[in-house]
Amino acid sequence: MDPLSDVLSMLTVNSTLSSRFEGRGRWAFRYPHYDSHIKLGGVLTGRVRLQIENRGPAVLLETGDFYLLTNGQPFTSSSDPPGPVQDGMQVSRDHRGPDGVLRYDGRGAGDAEPVSMASGRFTLDSEAGELLLRHLPPLIHLRASDPGARPLVGLLDLLGWETAEMRPGASIARTNLASLVLVQALRVYLANAPQPEGWLGAMADARIGQALSRMHGDIAHPWTVERLAQSAGMSRTAFAVRFKALTGSTPLDYLGGWRMTVARNALRHSDEAIARIAERIGYQSETAFSAAFRRMVGESPGRFRTLSRGAATPSA
């Protein structure tokens, strides 16, 4: 499995793409801080301005463009030019119709170009989610004209159709569409960003990305720096230096950290035996795994499982 698929497959995701907005005239909606989400959307028709609070000027999105918001900061979505700023959450509650579409007429509704958007969110609450979010910029703007964006343009037609009204199977269809949009958006971003930071930048690097794919593809393998350097076609020293420069950690520290991410995910979300988890991620014994887990996490695998299950159980 490639690193991006590996991370995305482990996300505890509540993906939704059930929000459609149709607006006329001049309007502006402010949305508050949000936790552990990726907000995504596409402009079906018209032009929309997005501005993250205290993060510089607004970004103008045109028909066919997509966006990702990743850092949880308050933001404003508006027409171009904007109208008076209102509470976006309140407007959503007051103006959303029975079909799930939010329709709003702002100032000068009869004269301005209409706007329509499809949007949604991914709620990320696992260690893999933190790995993904910490290396994404707060706002990713993907233009319809960007190289490699053709699949996104095709998805936009589906989004427009799927969000226009409620149809049988809408929940599954919209969730799967949201997942496709996220994957394609990240692909376009990686292909076009000058130099993505951290893990994403390493994944986009031809040689280091090859080594990451090997690690993620066979996490239990007894990898050494020499073997990983060979897979990347580099000397051991050059590989180790470049790997750390891109990811911020040594190759074996990264591998150990990812093994523990997989272990925590399994302990939190499955009943898989601890010995089997240890074997699956490359430890020769449950004892060795437990000792490594305690060093990195601060508690035993069994206690971590008990505490995480307790935290996930709602109180009566």
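Which helices are included in what covers the buried residues of H8? The legends below treat this point and other close-up views of a predicted model.

**Figure 1. Overview of the predicted chain.** The secondary structure comprises 13 helices and eleven strands. Of the 316 residues in the chain, 48% are buried. Among contacts between residues at least 6 apart in sequence, 74% join residues at least 24 apart. The accessible surface amounts to about 15300 Å², and carbon and sulfur atoms account for 51% of this area. The mean pLDDT of the chain is 84, with 87% of the residues scoring at least 70. Where pLDDT is low, the predicted coordinates should not be read in detail.

**Figure 2. The buried side of helix H8 (residues 225-232).** Val225, Leu228, Ala229, Ser231 and Ala232 are the buried residues of this helix. They lie on the same side of H8 because they span an arc of only 160° around the axis. Their cover includes helix H7 (206-217), helix H9 (236-247) and helix H10 (251-269). Glycine 233 follows H8 and has a positive phi, near 70°.

**Figure 3. Phenylalanine 239 and the largest nonpolar core.** This core contains 64 residues, and Phe239 and Phe289 have the most contacts inside it. Helix H5 (residues 170-192) contributes the largest share of the core, nine residues. Leaving aside residues up to four places away in sequence, phenylalanine 239 touches Ile208, Ala211, Val225, Leu228, Ala229, Ala232, Met234 and Pro251. Among these, Val225, Leu228, Ala229 and Ala232 are also buried residues of H8.

Figure 4. In soluble globular proteins, nonpolar side chains tend to be buried together.

**Figure 5. An aromatic pair between strands E2 and E9.** The count of aromatic pairs comes to ten. One of them joins phenylalanine 29 and tyrosine 104 in an edge-to-face arrangement, with 5.2 Å centre to centre and 85° between the planes. The pair links distant parts of the chain: phenylalanine 29 belongs to strand E2 (residues 28-31) and tyrosine 104 to strand E9 (residues 101-105), 75 residues apart. Phenylalanine 29 counts as buried because its relative accessibility is 2%, under the 20% cut-off. Tyrosine 104, at 10% relative accessibility, likewise counts as buried. Together with Phe21 and Trp27, Phe29 and Tyr104 form one aromatic cluster.

Technical notes: Residues numbered from 1 in each chain as written. Predicted model: local features only at pLDDT ≥ 70, side-chain atom pairs only at ≥ 80, totals over all residues. Heavy atoms only, no water. pLDDT = per-residue confidence, 0-100. Buried < 20%, exposed > 50% of the residue type's maximum accessible area, 1.4 Å probe, protein only. Helix = DSSP H or I, 4+ residues; strand = E, 2+ residues; numbered from the N terminus. Arc of directions from axis to C-beta. Contact = heavy atoms within 4.5 Å. Areas by Shrake-Rupley, 256 points an atom, 1.4 Å probe, with all protein chains shown as cover. Core = buried A, V, L, I, M, F, W, Y, C linked by side-chain atoms within 4.5 Å. Phe/Tyr/Trp six-rings, centres within 6.5 Å; stacked < 30°, edge-to-face > 60°.
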